[in-house]
Amino acid sequence: MKNSKKQTNINVNNNVLNFFKKTNNNKISNNFYLQKLNLKRFRNHSKLNLVVPDSPVLIYGENGCGKTNILEAISLLNPGKGIRKSKAEDYLFKDPLSGDDNQLWGVNADLFTPNGIVNIGTGSKENSLNKSRNIRVNFENSTQLTVGKIFKISWVTPQMCMLFQAGMSEKRRFIDRLTSALDVSHINRIFRYEKLLRERSNIILQFQNETLWLETIEKQIAELAVSIIASRQNLIQLLNSLYEDELNSHSIIQDFPPVEIKVKGDIEDLLLKTSALNVEDSIKIDLKKLRSSGDLSFAGPHTSQIEIINRKNNKKVEISSTGEQKLMLISIILSHARMLNIQFNMAPILLLDDIVEHLDEKHKYALFLEISKHYAQSWFTSTSKDAFKIFPKNIEKIFLPKVIKNFNGYYDYQNGDT
């Protein structure tokens, strides 16, 4: 075993070894991290209480013990539907043996920020048939919009690699999630836009003579379409600027391919040539023309085409190998995290679900190095802790089955290791 460990260390390049030494001697505090995480009747966790340090956290254990459920719970503390996009009723812990019909579930966390500790919670609404979830900040009812301004969360899951082979709508949703971290109102605009599209379609298909109503709807559609596309373009511009800055300063991450994202469409082209008001007018004119013919198709953010390209070899993601696609996905998330830190001094908490699986040693080291320099907490899951022996700074390792069985779902890093 000693010879094996020595050989592994020899294979690491000098820059990596120097960084290992530096980060072991100098602890870097994170600007944003969860101090406490409490789950109640969430997925397979009847009750789970974790108290963790400001270091990266590894949740490990066999498949099915609830590791990803913890990351999903954390993701629900930010705007949106979380890493699985599940319905609120799917979060509820179900125990057929107990006969308990309690319909309440909740996630609560103490978040450390540069401005102090903030308590954030989400869960089902008491005494309500409404399936939506409640949001609270410092124990007062709040909104997802407010939470999105307090801190950011980003994630990589195994399922996300499939989005590169999925349809264009999945790619648009991915870009919109990245955009919403920049513009917290972006997702709400998309929901409103899609609702208005359905409303307009219903009026036209039912041959209702509602000219004034349609004009009002189409005016809102045009305004939202331009706002949505402009926010996407802002994201792309900032990521491109980050790439140019890192290229000029020779700080490009060598082991993860720099990625270029392009969003293409008729409205995108128009916005490059004329003002937003002129584009809105153009959309309204097109909608009015199409209305009389019953044609529901028109150019907008719902038809935008997304291209993702490896800058190193100019290869599109669709024709890249599965391994290349995973590296490109990680590259996008890491670049996005650095960009958020530059723009808002608000690096996102990263949720990295089974991310080291199927990574070779070279890219595993590179990922660990990048995460070690990240200015917010990172949460990993894995079936084993062995891959994390070479993590270049302290990482809190939590063996989840033992926490559930021996500690009744309670873990405090100050009271010993699992």
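Trainee: What should I know about the numbering and the cut-offs before we start?

Mentor: Residues are numbered from 1 along each chain as its sequence is written, and side-chain values use heavy atoms, with hydrogens and water left out. As the model is predicted, local features need pLDDT of at least 70 and side-chain atom pairs pLDDT 80 or more, while totals for chains, interfaces and linings use all residues.

Trainee: How many helices and strands does the protein chain have?

Mentor: Helices (H or I, at least four residues) and strands (E, at least two) are DSSP runs, numbered from the N terminus. Counted that way, the protein chain comes to 12 helices and 15 strands.

Trainee: What span does helix H5 reach from its first C-alpha to its last?

Mentor: H5 covers residues 168-182, which is 15 residues.

Trainee: Is H5 mostly covered or mostly uncovered, and how many of its residues are buried?

Mentor: Happy to go through it! Buried means under 20% relative accessible area, exposed over 50%, and partly exposed in between (1.4 Å probe, protein chains only). Among the buried residues of H5 are Phe174, Ile175 and Leu178, and the elements covering such residues include helix H6 (186-205) and strand E9 (259-264). H5 is mostly covered, and the buried count is 11 of its 15 residues.

Trainee: Which word describes how H5 lies relative to H6?

Mentor: Axes are lines fitted to C-alpha atoms, for helices over the stretch in contact (heavy atoms within 4.5 Å), and angles run from 0 to 180 degrees between N-to-C directions. Here the angle is about 130°, with the axes 8 Å apart. Under 35 degrees counts as roughly parallel, over 145 as roughly antiparallel, 65 to 115 as roughly perpendicular and the rest as oblique, so H5 to H6 is oblique.

Trainee: Which residues of H6 do Asp176, Thr179 and Ser180 meet?

Mentor: Those three residues belong to H5. Their partners in H6 are His186, Ile187 and Ile190.

Trainee: Why is one side of E9 and of E11 left without a neighbour in the sheet?

Mentor: Two strands pair if DSSP finds at least two bridges between them. The open sheet has three strands in the order E9-E10-E11, with antiparallel pairing. E9 and E11 (315-316) stand at the edges, so each has a single partner strand.

Trainee: Is Arg198 buried or exposed?

Mentor: Arg198 is found in helix H6. Its relative accessible area is 51%, so Arg198 is exposed.

Notes
The expected span of a helix is 1.5 Å times one less than its number of residues.
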